[in-house]
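Colleague: I'd like to learn how to read a model like this one. Could you walk me through the ligand site and the helix packing?

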Amino acid sequence: MTPVLTIQNGTKIIQNGVDEPRNILNKINLTINKGDFITVLGGNGAGKSTLFNAITGTLSLSSGTVTLGGNDMTHLREEKRAAYISRVFQDPKMGTAPRMTVEENMLLALHRGKKRTLKKRELKENRDYFKELCAQIGNGLERHMTSPAGNLSGGQRQALSLLMATMTKPDLLLLDEHTAALDPKTARQLMTLTNERIQENQLTCLMITHRMEDALTYGNRLILLEKGEIKLDLHAQEKAKLTLPDLLLFFEETED
Ligand SMILES: Nc1ncnc2c1ncn2[C@@H]1O[C@H](COP(=O)(O)OP(=O)(O)OP(=O)(O)O)[C@@H](O)[C@H]1O
C-alpha cells in the first residue's frame, strides 16, 4: 500500500480568550493509501470539516504534521496544496465561477495549480473534450457549454464542480457533503457519477456524508469522528460486514 497523505498527531487548539482552550482536532493519526475511498461520518461539530481544512491548509495545525506523497507539507500554503488536492463543497456555488461559462470554468480547472490565464486558443482546442465530458453526466450540461455557470441548476452546477475537481486527477479528492444540498434524485445521480469518476480515474478520496446508506454503499473504508478524534476506522472487510443498525449503534454510543 502506498500512502498518499499522512497526518501524525494532528491537533488544533482554539483559544478565543474567553473560554477554556479547546482541541477541535485531538492527536489525529490517519494514513490515506492510494486508491482509498474513505467515507467520513460524525455528528455536527465532530471535526469533519476541520479535518478537511487541516488537509487543504485552510487551517494550520497547532501541532502535528501533514505529509503528502512523502513530502512534509505542514507549512505549505493552501494555494500550493491545491495543485495536488481538490475539494467539492456542499454549496453548489462554491466550486465554480458564476460569470464564467461552463467551458471557461473547465479550462480554469485544467490549469489547477498552474497559471490562471485563459487563452482563446486553448478553449478552442479543448472545446470538444469538455463537451464530451459533460455529455457523460446525463443531466443536459453539454447543452449549456457557453452559458454562465451561475445560470445552471444546483444539480448541474454541482456535477460541473465534480468534473472540475476530478479532471486533472488530483492526488486526493475531498468531498465535503457534496450531495447534501440536492434533492434526493439529483443527489443519487451525483453519487453514481462520483463513484464512476473515482473508479475510472482510480482516485483517492475522502467523502464526508450524513447519509448513512451512502457511507455504507460507497468506498472501501469508513471513519467515524467524535470530538476531534477518530473513534472508528474500518478497513475493507470490516466495512463490508457493517450494517445500517451496527452503524446507528456506533453513532449512538459515540454521541453524548
Ligand atoms: N475557526 C474556528 N474557530 C473556532 N471554532 C471552530 C473553528 N472551526 C471549527 N470550529 C469548531 O470546531 C468544532 C468542529 O467543527 P467542524 O465544522 O469541523 O465540525 P463538522 O464535523 O464538520 O460538523 P458539521 O457536520 O456540522 O458540518 C465545532 O465545535 C466548531 O464550532
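Predicted model: local features only at pLDDT ≥ 70, side-chain atom pairs only at ≥ 80, totals over all residues.

Colleague: Which helix gives the largest share of the shell around the ligand?

Modeller: That's helix H1, residues 48-56, with three residues in the shell. The residues around the ligand include Lys-48, Ser-49 and Thr-50. Among the others are Gly-42, Asn-44, Gly-45, Ala-46 and Gly-47, along with Ile-14 and Ile-24.

Colleague: How many residues of each class does that shell have?

Modeller: Six are polar, three are nonpolar and one is charged.

Colleague: On to packing. At what angle do the axes of H3 and H4 cross?

Modeller: Angles of 65 to 115 degrees count as roughly perpendicular. The axes of H3 (residues 102-110) and H4 (residues 120-135) come within 10 Å and cross at roughly 100°, so H3 is roughly perpendicular to H4. On the H3 side you'll find Val-102, Glu-103, Glu-104, Met-106, Leu-107 and Leu-110, meeting Glu-122, Leu-123, Asn-126, Arg-127, Phe-130 and Cys-134 in H4. By class, that contact has seven nonpolar, four charged and one polar.

Colleague: And at what angle do the axes of H5 and H6 cross?

Modeller: Under 35 degrees counts as roughly parallel. The axes of H5 (residues 154-166) and H6 (residues 184-200) cross at roughly 10° and come within 10 Å, which means H5 runs roughly parallel to H6. Gly-155, Gln-158, Ala-159, Leu-162 and Thr-166 of H5 make the contact with Thr-186, Leu-190, Leu-193, Thr-194 and Arg-197 of H6. Five residues there are polar, four nonpolar and one charged.

Notes:
Residues numbered from 1 in each chain as written. Near = placed C-beta within 6 Å. Helix = DSSP H or I, 4+ residues; strand = E, 2+ residues; numbered from the N terminus. Nonpolar A, V, L, I, M, F, W, Y, C, P; charged D, E, K, R; others polar. Axes fitted to C-alpha atoms, helices over the stretch in contact; angles between N-to-C directions. Parallel < 35°, antiparallel > 145°, perpendicular 65-115°, else oblique. Contact = placed C-beta atoms within 7 Å.
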